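Thanks for coming. I have one structure to go through today, so please bring it up on your screens.

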Amino acid sequence: MTGNETRVLLLEGIHEAAVESFAAAGYRNVERLTQSLTGSDLVDALGDVDLIGIRSRTQLDASALDAAEKLKAIGCFCIGTNQVDLDSARRMGVPVFNAPFSNTRSVAELAIADIILLMRGIPEKSARARRGEWAKTARNAYEVRGKCLGIVGYGRIGSQLGILAEGLGLRVLYYDIEHKLPLGNAAPVNRLEELLAEADVVSLHIPETPVTRNIIDAEAMAAMRPGALLINAARGSVVDIEALALALKTGHIGGAAIDVFPVEPKSNQETFESPLREFDNVILTPHIGGATEEAQLNIAREVVAKLVKYNDNGSTVSAVNFPQVTIPDHDHRRRILHIHRNEPGVMEQINHVFSANGVNVAAQYLETQADVGYVVMDIEHEDAGPLLDELRAISATIRVRLLH
Ligand code: NAI
């Protein structure tokens, strides 16, 4: 199937750059809707498309996917993928792609802005000025140069933040459960407590896991330096928010910037409730750490690239629910993609189809994940049609596709 024959549906106002990226790859049959679809509208739409792009609102559960007979892949034009029943999609032979890296820079930049504003006491000064108070003083206002930033979670965002912070003259410490090589002059610490005891500002960039739940609790806050600052643009569950409110009240925590919350409004129409609303020295942002025009553009390009690569070449690299196969381009050869239940003897049956038909297999790439196997085969044979029928007849087959 070529790009022109492939029907693509993009929902939820995915960035226009997605359409441009598809067009640049030869895909012209792309429909872009601003809204999400639900119920029978979604089921009808799914029955007729090869590729679908969604953001966080469209729910692709098992019953919606059931009707998606033509569907080859799902693109989540966002970070999260829990709006898709990933296991059902895999069992149907449908890989799901997302864009986990596209907003790294946006979050790191927000953290830098938070650090500078908090060190200068700007949130409080700005709040007071709005109330007509003139708080002109240098007391408790600091440059960031020479201060110590403690980064908890030195992954994509944490390490990029470290580099930006060093550029501003901050001394960077980091704590990570994995061994991570330092970038720049950042220095690892072995225990979280060491970082908390030394940092003037602590910035959290860890995932939500059972271990990270409330990792910054009352005890951890007590271990921070008096007047230290706390930034959380990771996940709402990693900070005990009531304990933070208390530490702000006593002044032990000198200020905070919080972008993510244990409970967040489900829409922009809902009121935002938080015990932190009363504090002038806290920057509250509505989970927009990664929400920039650039990130949206990057997300569009990243997810389209993955969908096109899978559709044209068979590569499932970075699929979140599927065996990951990385493969070279397939000029001058027929390429067959075979998705099957991961059972003993399937490869033998597949290979028998080729040997019985005297077909040479030039290359074969197999990966399995849980209950599904995915094998990509390059064959030296012009008329692949009859072979496809035989491959489909293997009882464990989920899907077979010929690329040309
Ligand atoms: P990443 O996976 O690249 O890095 C996370 C790092 O945390 C890894 O190095 C990992 O080894 C480390 N880690 C895991 N458990 C730990 C623990 N118990 N203690 C110390 N380190 C631990 O993730 P990335 O892309 O840097 O994202 C970090 C966080 O930022 C995630 O929670 C993500 O959900 C959040 N995020 C928030 C956004 C927002 O809008 N505010 C946007 C994008 C990401």
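Between domain 1 and domain 3, about 610 Å² is buried, and 50% of that area sits on carbon and sulfur atoms. The size of an interface is often given as the accessible area lost when the parts come together, and that is the kind of number I am quoting here. Keep in mind that this is a predicted model.

In terms of residues, 6 from domain 1 are in contact with 9 from domain 3. The rule finds 4 residue pairs in polar contact across this interface, both partners being at pLDDT 80 or more. How many salt bridges are there between domain 1 and domain 3? The count is 2.

For orientation, the domain assignment puts residues 1-102 and 292-314 in domain 1, 104-284 in domain 2, and 332-397 in domain 3. The centres of domain 1 and domain 3, over C-alpha atoms, are 26 Å apart.

Now the ligand. Which residues come nearest to the ligand? Out of 25 residues around it, they are Arg156, Ile157, Asp176, Ile206 and Asp259. Sorted by class, that shell holds 11 nonpolar, 8 polar and 6 charged residues.

On to individual distances. Aspartate 259 has a polar side-chain atom 2.9 Å from a nitrogen atom of the ligand. With alanine 233, a polar backbone atom is 3.1 Å from a ligand nitrogen. Glycine 290 places a backbone N or O atom 3.0 Å from an oxygen atom of the ligand. As for cover, the ligand on its own has 870 Å² of accessible area, and the protein covers 87% of it.

That is what I had. Questions are welcome.

Terms used
Residues numbered from 1 in each chain as written. Predicted model: local features only at pLDDT ≥ 70, side-chain atom pairs only at ≥ 80, totals over all residues. Heavy atoms only, no water. Near = heavy atom within 4 Å. Polar contact = N/O pair within 3.5 Å; in protein donor to acceptor, adjacent residues only side chain to side chain. Areas by Shrake-Rupley, 256 points an atom, 1.4 Å probe, with all protein chains shown as cover. Nonpolar A, V, L, I, M, F, W, Y, C, P; charged D, E, K, R; others polar. Domains from an automatic or database assignment. Contact = heavy atoms within 4.5 Å. Buried area = accessible area lost by both parts, 1.4 Å probe. Salt bridge = Lys/Arg side-chain N within 4 Å of Asp/Glu carboxyl O.
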